[in-house]
Each structure stands twice: as structure tokens, then as C-alpha cells.
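Colleague: I've got a model open and would like to talk through its charged pairs. Could you walk me through them?

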Amino acid sequence: MNDIYFDRHGEDSEERAYTRIDFNRATVGNRWLERTWSGFFGTTNSLHAKGHETEWVVAQNPEFSLCIDGNTIAPMDLGEVDVSDECSELGASLLITQSGAGVEVSIVTTALHEVPALVRRVSVCNRGSEAITLDSVSSDIIGW
């Protein structure tokens, strides 16, 4: 990850979904919702409903948990966090990827332009040479 600040606002920024990435945090949102991650840990540190000024997250969150071959793996068990973004006709997306312990976890969160929703997709990929058993996945663990 680099320390360059990206701001993906267009002419109608109040109406469009957006992403922001800097060294310390990554954010995706729209006019209704905003979710922010720690740029270092890759874990959610804010989930905010804008119209009601509601904050649904407190402190550091485990974000996700995997159980592979009987061993629990959390974000801190994986390596460096890689963050990127993209924008489409549907919305703005933030991609957070972490690799380590023979697996790669990718989380894509999309803020939709015209709907008060954040859509989340999580994928787990075996990067090792041996077969693994994915016993369980908790893909969105946040404390509130």
C-alpha cells in the first residue's frame, strides 16, 4: 500500500458512492452508509449510518475468522494488508487482501450508488501446495 491519498468523488459526489484510501485508513461509502478499515490491520474500525448519526462499531474488530484444518486464523495471523479500489455503474468498491499461513483472504465491499446498502463478498484461496479443509468461515465479525 502506498501513502498517496485517493479521493474518488465525481461531479455529483453527494449522490455517488465513493472510496478513499490513505496510509492509515481505507473508506467506502455512499450518501447513507460509510465503512472504514484500518490501513495497517485491515479490520473495520467504523460502520456509520449517516442520516441517523449511528455508529455500529466500537474499538478494534476481528473482522473475520477462518478455521482451516482445525486451526483458527484471524487477520493478525496473516501478512501485510493490500488495499485497492474500483468504481462501476453499480457503485464504488474497496478490495482488501491479506495472505499468509498458506491462504489468501480477499474482501470486496461495494457501496451502491443508488441504494442504501453495502454489499460484501469474501473469498478464501489456498496458496499452499497441499490440500486444506476449510472447516468454517465467519466473514463479518464486528463489535458493537
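**Salt bridges and fold**

Modeller: This is a predicted model, and the structure holds seven salt bridges.

Colleague: Which residue does R20 form a salt bridge with?

Modeller: R20 pairs with E34, and their closest N and O atoms are 3.5 Å apart. The pair links distant parts of the chain, since R20 sits in strand β2 (residues 18–21) and E34 in strand β4 (residues 33–38), 14 residues apart.

Colleague: And is E34 buried or exposed?

Modeller: E34 counts as buried because its relative accessible area is 19%, and buried means under 20%. R20, with a relative accessible area of 24%, is partly exposed.

Colleague: What about R35, which residue is its salt-bridge partner?

Modeller: R35 forms a salt bridge with E63, with 3.5 Å between the closest N and O atoms. That pair also links distant parts of the chain, R35 being in strand β4 and E63 in strand β7 (residues 63–68), 28 residues apart. Both R35 and E63 are buried.

Colleague: Where do R120 and D140 lie?

Modeller: R120 is in strand β12 (residues 118–126) and D140 in strand β13 (residues 134–141), 20 residues apart. Their side chains meet in a salt bridge at 3.7 Å, N to O, and salt bridges that share partners join R35, E63, R120 and D140 into one network.

Colleague: Changing topic, how many helices and strands are there?

Modeller: The chain has zero helices and 13 strands. Of its 144 residues, 40% are buried, and the accessible surface comes to about 8,200 Å², with 50% belonging to carbon and sulfur atoms.

Note on methods:
Residues numbered from 1 in each chain as written. Predicted model: local features only at pLDDT ≥ 70, side-chain atom pairs only at ≥ 80, totals over all residues. Heavy atoms only, no water. Helix = DSSP H or I, 4+ residues; strand = E, 2+ residues; numbered from the N terminus. Buried < 20%, exposed > 50% of the residue type's maximum accessible area, 1.4 Å probe, protein only. Areas by Shrake-Rupley, 256 points an atom, 1.4 Å probe, with all protein chains shown as cover. Salt bridge = Lys/Arg side-chain N within 4 Å of Asp/Glu carboxyl O.
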